[in-house]
4 protein chains.
Amino acid sequence: MDKITHLQIPGPTNIPDSVLRAFSRPNIKHRGEEFSELVTDVIEDLKDLFMTENEILTFPSSGSGTMESAIVNTLSPGDKVLAISQGVFSNRFGDIAEDHGVEVERLEVDWNSAVNLTKLEDRLKKDVDKTIKTILLPHNETSTAITNDLAGIREAIDNANHPALLVVDAISSMGAIELKTDEWGVDIVVASSQKGLMLSPGLSIVSISDKAWEAVKTSKLSKWYWDYESVRENIHNGRFPYTPPQTLYFGLEESLRLIKEEGLENVFKRHATLATAFRKGIRGMGLELFAADEIASNSVTSICIPEEVDAKAVINTLKEDYGIIVGGGLSKLSGKIFRVGHLGAIYNVDIIGILSGIEMTFTKLGYNINLGQGIKAAQKSLLKI
Amino acid sequence: MDKITHLQIPGPTNIPDSVLRAFSRPNIKHRGEEFSELVTDVIEDLKDLFMTENEILTFPSSGSGTMESAIVNTLSPGDKVLAISQGVFSNRFGDIAEDHGVEVERLEVDWNSAVNLTKLEDRLKKDVDKTIKTILLPHNETSTAITNDLAGIREAIDNANHPALLVVDAISSMGAIELKTDEWGVDIVVASSQKGLMLSPGLSIVSISDKAWEAVKTSKLSKWYWDYESVRENIHNGRFPYTPPQTLYFGLEESLRLIKEEGLENVFKRHATLATAFRKGIRGMGLELFAADEIASNSVTSICIPEEVDAKAVINTLKEDYGIIVGGGLSKLSGKIFRVGHLGAIYNVDIIGILSGIEMTFTKLGYNINLGQGIKAAQKSLLKI
Amino acid sequence: MDKITHLQIPGPTNIPDSVLRAFSRPNIKHRGEEFSELVTDVIEDLKDLFMTENEILTFPSSGSGTMESAIVNTLSPGDKVLAISQGVFSNRFGDIAEDHGVEVERLEVDWNSAVNLTKLEDRLKKDVDKTIKTILLPHNETSTAITNDLAGIREAIDNANHPALLVVDAISSMGAIELKTDEWGVDIVVASSQKGLMLSPGLSIVSISDKAWEAVKTSKLSKWYWDYESVRENIHNGRFPYTPPQTLYFGLEESLRLIKEEGLENVFKRHATLATAFRKGIRGMGLELFAADEIASNSVTSICIPEEVDAKAVINTLKEDYGIIVGGGLSKLSGKIFRVGHLGAIYNVDIIGILSGIEMTFTKLGYNINLGQGIKAAQKSLLKI
Amino acid sequence: MDKITHLQIPGPTNIPDSVLRAFSRPNIKHRGEEFSELVTDVIEDLKDLFMTENEILTFPSSGSGTMESAIVNTLSPGDKVLAISQGVFSNRFGDIAEDHGVEVERLEVDWNSAVNLTKLEDRLKKDVDKTIKTILLPHNETSTAITNDLAGIREAIDNANHPALLVVDAISSMGAIELKTDEWGVDIVVASSQKGLMLSPGLSIVSISDKAWEAVKTSKLSKWYWDYESVRENIHNGRFPYTPPQTLYFGLEESLRLIKEEGLENVFKRHATLATAFRKGIRGMGLELFAADEIASNSVTSICIPEEVDAKAVINTLKEDYGIIVGGGLSKLSGKIFRVGHLGAIYNVDIIGILSGIEMTFTKLGYNINLGQGIKAAQKSLLKI
């Protein structure tokens, strides 16, 4: 068995060594000055990352918890939401709402497509009474590796002159794919620590627009832990209503420093460059991508598994022989695709190494692949030749 | 300013160096075999710690989140609970229930007392229709440093022949003060990572009796993140419905190993020995304790601040001159007491060092204290002479 | 600039994360029981690694220090040694001897060759008076990336019936290339921490045969720090005559555990497999190797730089654009070769990633290379097809 | 058995957590720009610490190695040195010189005394032919816990108008006790990493005056590893003639930052304050000190063990029952004293905790000690009352 050298599921991701060191800082007083200052600085840096002037809150929870927070803080029983349904994690967003007694209308999208802007606009135009309070959708659907056009979605909503809150799950895009929260009028953005932020799981982050805060005031869904107003009151002083996950805060301070050092623009560019090279590599070796290039994600890629190849064998061989951990297909895509995360701490030769592992895996499994051709295509892409 | 050497708030606590090292392990696949085995082993060890055969679940959250989980998983709107009210954190338990539309009856207890067993028994006997579904109470009320007699409470409930669920907040006692979950029939125990378990915050743990699982079945409060059934289904395979906080799991594996190595009995004995010495030390120097010895906590001690002394000055001098961080009084005890945590990774000479810091602080602030006498008393206590 | 992801100089090498964690253990008493046991265990494991029953000593020093130790402990002023001269580090061995007043005869070897066994045998046969006390030579000459045939060298010495001590520098081979100390009758083997042992620099290790201990008794060169007898007396009790480098001992315990877990045979096989693939990769892309395959090292490879390409540009581009740090040519090979270390913590996809960086670097510098062909050759080698 | 919380041998010492984190940085290229800059910065900071404009060199070795370096770089066979003999480590300095064929005259000093300045001056005055090339002495003799008056020693040498080099072992004083290298004309100062510098062992440091460099030019003792000129040539470019111990350099960068942050003056003051309190504490409990106050060290204290008490029992009880590791008496002081280090990362309450451990240990062993009185005396000393 080969040593695991590449954790390429679409999160948790590989952690930079300086962040790992930050994790081993001892506890400090969570209501003391030192921690307050750290929180205040981190929140400011998160605003840059979220490209927003909106309020930023954090929770000791996984990303799914923050998805729930967006529901219970802005809605009331019987309210209606339009939930984009285009994969496992966007479906989850709708499910959470349903579990809280919200009426959920699913806008079905083919799993190999992004949100159709016209269809969305049409639906909203039909909602003449504006009964849809909120639109729930993923920036990047992790299970299909497809990214939605948020600028276009904002335009569609505006064209329909619809007042619904736009609530976006950016868990697998934040820090990897540009998300202009303010420019695109995203009312709530939820993200978490273990993806583009290069930390381990357990800290989730949410930005909340003034319009969303208005909804918070009238929301009647019950909550305590997720209560935005309670967290807001405290976080303004660098505190929290309950004990915050310090270790992840220590790591976050360092990962935000790394992002700032590289430059946010450069971080996005790096992800785009690597993702492009990766996709060209996959095609170059003779495999098919699940998503068309125009909608393909820059943080994760979904690769079709040829019928004659066993999905489990692919995943196991990649792990056992080449030390590369990838994700399988979820739900109805199980056995049909495998997914490779390429977000966070990932660089040129990592992409080549992963492609090579895939080429060798398929070769080993007896599938006729163009050995070396995928890599050549990726190299040409990286070299821009 | 002195270097901070002692973090003596009642949590987060000092972290052993081997646990800090465990925190710096890289991410692994949260749905892979390696992590599943770790989870399975940890859950087994947690059962020993909780002294229970009940199901154990964990959440990526602070301890307060698990308090909420106990409410939303076992109750329905309009259900009635009896919430012991004897300090800030027991009050919080009632508040959380209220925020979820549960009818909360507060059983008021003087803040310098433990739950009066007769009074509790009487109240339950009066509840002839058994409308009280659940009793919420703290094992150890952190804000007053008072520990309730859980064995006695179980007896009181049994004497009243009352079927209410017994739900206990053990956040500041678990791993420090013995809690015989099964023997005492505690239906739900909630705990968290940053206290007796010597980790940083962000992981919470809950044990659930069969009787509580029955309540889960009929509960109609809305939930998604906290849903016990969903977590149970997954954790049986060493998995979770959402991404678990790996870093804390890596640390937990090590802190449970440390506890096992010392022996759980010895861990409890150490806390008792140190707490006794600490209280004798405080009295020996001429200060008064807020809680009587019979109910005083073994994980945290509350010390009365003489009227002529400024509480903030005490806390600041302890920090600035002696590197010791303590907690202030909360709510109506603000300015009247200060609280010293002595749980988790704490040993003989730590207790002496802290007492010395207190003696020197009061001396420095001009309060006439018996310099050296507190320490002498503590030393005699430790020496059993 | 790309993030540095591959430190591929021929040492210091990449450190496994579990070893990095071991480095952050606090100091312990260097003359206490805990450390004594650790030393004793480590020494036993080192014997397995060195494939020897000989005494093993360690020094707080870089590897060069242990080279000096071998000289000053076994020789006297005016003694004669035969020093193989085939590169920078074998020359250094002779230089150290000269600096201590030993008469050094250099056996010159072309830098692109290994030791000629016949030539060595002939020279020794001519030494009828047996004036040559010691033969100094490298197992693996790091500056040329050439490995000597130690079994053959032992045979040559035996054929000449020569009693000289065989002293071997295994700094860049230990833990990467098999060295049968006892079977091949190597009297002194010197190694250090930062290469195949995957640690940082500062700990050196030496094995000493009974025959060498005889020489120690009569040696008249002055020494104190390097005194083998003084270290031997102490190390038998797990102690040292002066303070040992604990941090590296903590790391060594872990790196030896990793080697044992993989299996020493497998470690050697992995290095051989990767080195073969790497060389095929280099040739596949159209570059030339400095050393013929039969003598090429399995821990480092020297690659010829075509005349029309600037060596510095190669090294800088590899670093700046691809995050790969390699070594340049030393001394008379400066500008003519570059050297890529592939020892210690290195695995399949690392080799591909490094080859890809080299392919892209030469392409970027305008040198016509067979893009993708080197990698294809390496992949076929790894796949054994 | 109590957890070890205090490593109070006179080195290795307790390591600050931020330094431990620095130890877990991965290797970098030891001949690359990043490391060169780090070395250059560290050397500058070391000059401040050594209070000198002299050249500073470092070695991958324990402190004893640097003692040897001072001998072999400045002397020739048959040269005469005057070695102060006042304990185990000053004797070692003379022994090293003897092992290298230097003529060593020992200036015997009672082990409970410091160097007698008049006696030294007289001896030097008698050396009319100036045959004494070098004076070897400890700033702080670790085995007796006595500090020499270096300013006075310089004056004695000047009074005798003697040209001998002044070579000082500052291993257990550097970073703890002020040493004005330039003002006091100390030609060579040797120090190491694991004491006042709060690192682990393995890095040694030496400062060399212009006058000493003159001696280097004419020295005929053989050397290679310790060769000052070779190290100097390289270190001017932030490099070394052989691989440097990076891990300790990463740690040193951080420990020097901590010293700078506290202020060197404050560091010395802290050591003096704590040492004074500690000595008053020892006397206050009724034990005797081995060294008079005027010559007592501020980095380590030697405490007399009453005849009726077993030294081993003291050391074992301190460890087993109170988690405190101390040093025993060495050589002829074995069984007669024990030694407590209080240098590096040590603060107010640590001193009290250690004193308390000592009080309780003697009480437990049945020796009639004034329980609490030692601590009271120390507290009064810290409070300056």
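The contact between chain A and chain B takes 43 residues from chain A and 43 residues from chain B, two residues being in contact if their C-beta atoms, placed from the backbone, lie within 7 Å. The model is predicted, with local features needing pLDDT of at least 70 and side-chain atom pairs counting only at pLDDT 80 or more, whereas totals for chains, interfaces and linings use all residues. Residues are numbered from 1 along each chain as its sequence is written, and chains are lettered from A and ligands numbered from 1 in the order in which they are written.

On the side of chain A that touches chain B, helix 1 (17–23), helix 3 (63–74), helix 4 (88–99) and helix 9 (246–262) each supply at least two residues, and helix 3 of chain A gives the most, with four residues; helices are DSSP runs (H or I, at least four residues) numbered from the N terminus. Because 100% of the interface residues of chain A are also interface residues in chain B, the copies meet through the same surface.

Chain A is superposed on chain B by a rotation of 180° with 0.0 Å of shift along its axis (RMSD 0.0 Å), by least squares on the C-alpha atoms of residues with pLDDT of at least 70 in both copies. That is the relation of a two-fold axis. Of the residues of chain A, Ser61(A) comes closest to the rotation axis, at 2.5 Å (C-alpha).
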